Amino acid sequence: MTLESKIPAGDIATKWTQYKSTVPLVNPANKRQLEIIVVGTGLAGASAAATLAEMGYKVKAFCFQDSPRRAHSIAAQGGINAAKNYQNDGDSVYRLFYDTIKGGDYRAREANVHRLAECSTSIIDQCVAQGVPFAREYGGTLSNRSFGGTQVQRTFYAAGQTGQQLLLGAYSGLERQVGLGNVKMYARHEMIEVVKIDGKARGIIARNLVTGELERHFGHAVLLCTGGYGNVFYLSTNAMGSNVTAAWKAHKAGAYFGNPCFTQIHPTCIPVSGHYQSKLTLMSESLRNDGRIWVPKKQNDDRHPNDIPEDERDYYLERRYPAFGNLVPRDIASRAAKERCDAGYGVGQSKMAVYLDFKYNMMQKYGRTEASKLNIANPDDETLIRLGKEVIKEKYGNLFDMYKQITDEDPYEVPMRIYPAVHYTMGGLWVDYDLMTNVPGMYALGEANFSDHGANRLGASALMQGLADGYFVIPITIGNYLSKEIHTKPISTDHEAFVAAEKAANDRIQQLMSIHGTRSVESYHRELGLIMWNKCGMARNEKGLKEAIAEIQALRADFYKNVRIPGSINEFNPELDKAGRVADFLELGELMCIDALNRNESCGGHFREEYQTEEGEAMRDDENYMYVAAWENKGDTWELHKEELKYENIKIQQRSYK
Amino acid sequence: MSKLMKLNLKVWRQKNTNSAGNFEEYKVDASPDMSFLEMFDVLNEQLIETGKEPVAFDHDCREGICGMCSMVIDGRPHGPKQGVTTCQLHMRSFNDGDTITVEPWRADGFPVIKDLTVNRSAFDRIIAAGGFISTNAGNAVDANSVLIPKDVADEAFEAATCIGCGACVSACKNASAMLFVGAKVTQLSKLPQGKPERETRVVAMVNQMDAEGFGACTNTGACAAECPKQIPLSVIANLNREYIGAKMNGK
């Protein structure tokens, strides 16, 4: 099977407009006869379900949480990008497109990214219309700030909880359609199998997590909006329930998995404090607007950070990357932190942390401005801190509170200690320009697909992609498929394909419950996470990856012999839910290592130690690896398919932020 | 590594919605740096190792924003600290040797599913009744074409930070959901975009709230005191104002 990206012909700037004007439509009467299944209710899923229902389609939406409002998009902190150019600083659709392609280290698909940049401006309009309370200036206009990898201010935000406000906006749109009877919502339901008839996706098997019952659901199309798979590392900033299961079942049913090894390690997270730790907490990238990152110039310096004088501090990002300073992209900031800690300059008890320090900007930037507003000439340090603290509090108050709650240290007084942690996965199901996987009728939106962020995602772009896909892309592109489906009558769930899919799902559950071993599911997940973090994490090499593959295979075999799942099938049993998810992670982890091993280059978040410049920067190999690695599952092995990436509108160069 | 604390737990166990529940006692060693839920992870590992059923509890983001975690700890929703969810409560807030009682939210509107897990779908139905602005994707005008004064935007934002956890209902002797409903009504009625529907919205949401079996407000203020996002009691006053205004206009 060849991969057809179906990118429309024509100039990049007019492709999408041209496509929208010529794509086949489904008339309103026919829309009411067409049923769409949406799995996941984060930004992509909630916005897609609401919008498709508004258009007249019959929608069924599923989420594993107790309410669609709890999907993990809720936890996004810093903001959402849009090329509005409200700050008059030279922003444009092209610049957002360019920044995103460059930020992704030239491994994203041009046409998709340009469309994303085009849709970005409408997202902000849509959210404001829904009542999303973005931050505003005194004059009543919207406020902006900067994020990594850009030199303009294009990030819209709502304090440190932008994801929450955007998701609640999409959720309110979804609930409105539930109330109108256009969406049927299934909370506490998990998709555990795809149903294919004549090669097309025609439905899903979902498990009711309260009763344990399996349910069959038909749809003319199935949309997977199920987020990323960062939890394969066990410790990540993802929610505890975030998982790959729906995407993995789609993969096993024939959908190719694109660039699985592309993982984003976020530079500013609260460091690991103990072996019991269940998850890691992000400190928003927006903090790098005002926080300066440093380590002591002396190795193993045990002095209190406030006792280390200015000239004995190494602001290593400002030193290495003067043009972007503390706002270099995430992959670069993360590797630089690792490099300093590995070299013995780390701080804190574990020595695996660096400082994120607000004092300078608190005093010199905000303190001085406020003092000047109040006509205080020659303010003393105490005044500067007092005045500056108020501004910092207004901008980042909830993040500072969260940090204090977790670490018991006050970041207004001492610098934050931070270290990189797994945050996002750029890889995902392979999709074409329509966001359809290679299985007809099955789509992947948002973080669940691979298409927009290449090998590294820029900050504040995940929210943008989720909402662009849901509000503006899929409502148009799905017509390309469904216009040919208007003669397909709803298929009975007694069809043999539904029966077979349900049996396969049921057999897997029975198998897990009949193992009766001695080890908890959690212990397997932890062990897998450690293998992945050590050998397929921030730095990878051939030897480590080969070892990891063997270790994961052995761990998987042990899981099926020794796992202990308490309780029974037909009841509320979170341990059983978790077992199914960990079983899928145990397969995915292997594929990620295979993909990382195949890609003999360093790009973005994928850093192969064998391929680096003398200065320790990632060294791409455009001649041999400028492609999307799309993996086809063949039972216990995988076959590689390549989609060549063509850059016709951007000059490819060595990525530089110096 | 800080010294481990020895804790005695009294935890509510209930097989399912229809069965009667009871307290079970457990002993757990915890580090002061653990979160309350990580302490429960340790308990559950112990239970699984000894062949017993772990305690079912809701949790997801573990950073205080998804609103999924929901434990009544020593009689207080989300425990002894103000302004934090259960997942952000750390064991350093307790002492070595403490006995801690843990129960689910208790309200007719939130039936127990199992142990500490309850069904909060009533909140979704209240939102579906009217907690939205009726606008379809594609209809919007440019975001800066309607100016919103900063103080109004800030007020709307403060109300909008509600995480829908239900602690307000759990804290209230009447199991009233008026802090939750008031927060959404306040957010949307303050913003110019929410004005066209403000009267129909508040009536529809209050009707649904009543239909779900939540009680009325008697101004005790326990909801605001226990709210992990510190939604102020003034949103209830605003809810009442909006409701009376709508009723006087015959809605």
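1. Domain bounds in this note come from an automatic or database domain assignment. For chain B that assignment gives domain 1 (5–113) and domain 2 (120–248), and the centres of domain 1 and domain 2 of chain B, taken over C-alpha atoms, are separated by 29 Å. Domain 1 of chain B gives 18 residues to the contact and domain 2 of chain B gives 18 residues, two residues being in contact if their C-beta atoms, placed from the backbone, lie within 7 Å. On the side of domain 1 of chain B that touches domain 2 of chain B there are 8 nonpolar, 7 polar and 3 charged residues. In this classification Ala, Val, Leu, Ile, Met, Phe, Trp, Tyr, Cys and Pro count as nonpolar, Asp, Glu, Lys and Arg as charged, and the others, Gly among them, as polar.

2. The model is predicted: local features need pLDDT of at least 70, side-chain atom pairs count only at pLDDT 80 or more, and totals for chains, interfaces and linings use all residues. Residues are numbered from 1 along each chain as its sequence is written, while chains are lettered from A and ligands numbered from 1 in the order in which they are written.

3. Chain B contains 8 helices and 7 strands; helices (H or I, at least four residues) and strands (E, at least two) are DSSP runs, numbered from the N terminus. Along the principal axes, the C-alpha atoms of chain B fill a box of roughly 60 × 40 × 35 Å. Of the 251 residues in chain B, 54% are buried. A residue is buried if 20 or more other C-beta atoms lie within 10 Å of its own, exposed if 12 or fewer, and partly exposed in between, with C-beta atoms placed from the backbone. Among the contacts in chain B with a separation of 6 or more, 71% are between residues 24 or more positions apart.

4. The contact between the chains takes 65 residues from chain A and 65 residues from chain B. At least two residues of the side of chain A that touches chain B come from each of α3 (43–55), α5 (110–129), α6 (162–179), α11 (381–407), α12 (462–482) and α16 (574–598) of chain A. The largest share, 9 residues, is supplied by α6(A). By class, this side of chain A has 25 nonpolar, 25 polar and 15 charged residues.

5. F157(B) lies in helix α3 (residues 150–160) of chain B. This residue touches P133(A), A158(A) and A159(A), leaving aside residues up to four places away in sequence. F157(B) counts as buried because 21 other C-beta atoms lie within 10 Å.

6. Chain A has an open sheet of 5 strands in the order β5-β2-β1-β9-β17, with parallel pairing; two strands pair if DSSP finds at least two bridges between them. Its edge strands, each pairing on one side only, are β5 (183–186) and β17 (442–444) of chain A. From one strand to the next the twist averages 20 degrees. Strands β1 (residues 35–39) and β2 (residues 58–62) of chain A pair in the parallel sense over 5 bridges, and V38(A) stands opposite A61(A) in β2(A).

7. Helix α7 (residues 245–252) of chain A lies across β1, β9 (221–224) and β17 of chain A, and runs at about 130 degrees to β9(A). Axes are lines fitted to C-alpha atoms, for helices over the stretch in contact, and angles run from 0 to 180 degrees between N-to-C directions.

8. Y106(A) has a positive phi near 60 degrees and sits in the loop between α4 (93–103) and α5 of chain A; Y106(A) is buried, with 23 other C-beta atoms within 10 Å. N378(A) has a positive phi of about 45 degrees and is placed in the loop between α10 (359–373) and α11 of chain A; N378(A) counts as exposed, with 6 C-beta neighbours inside 10 Å.
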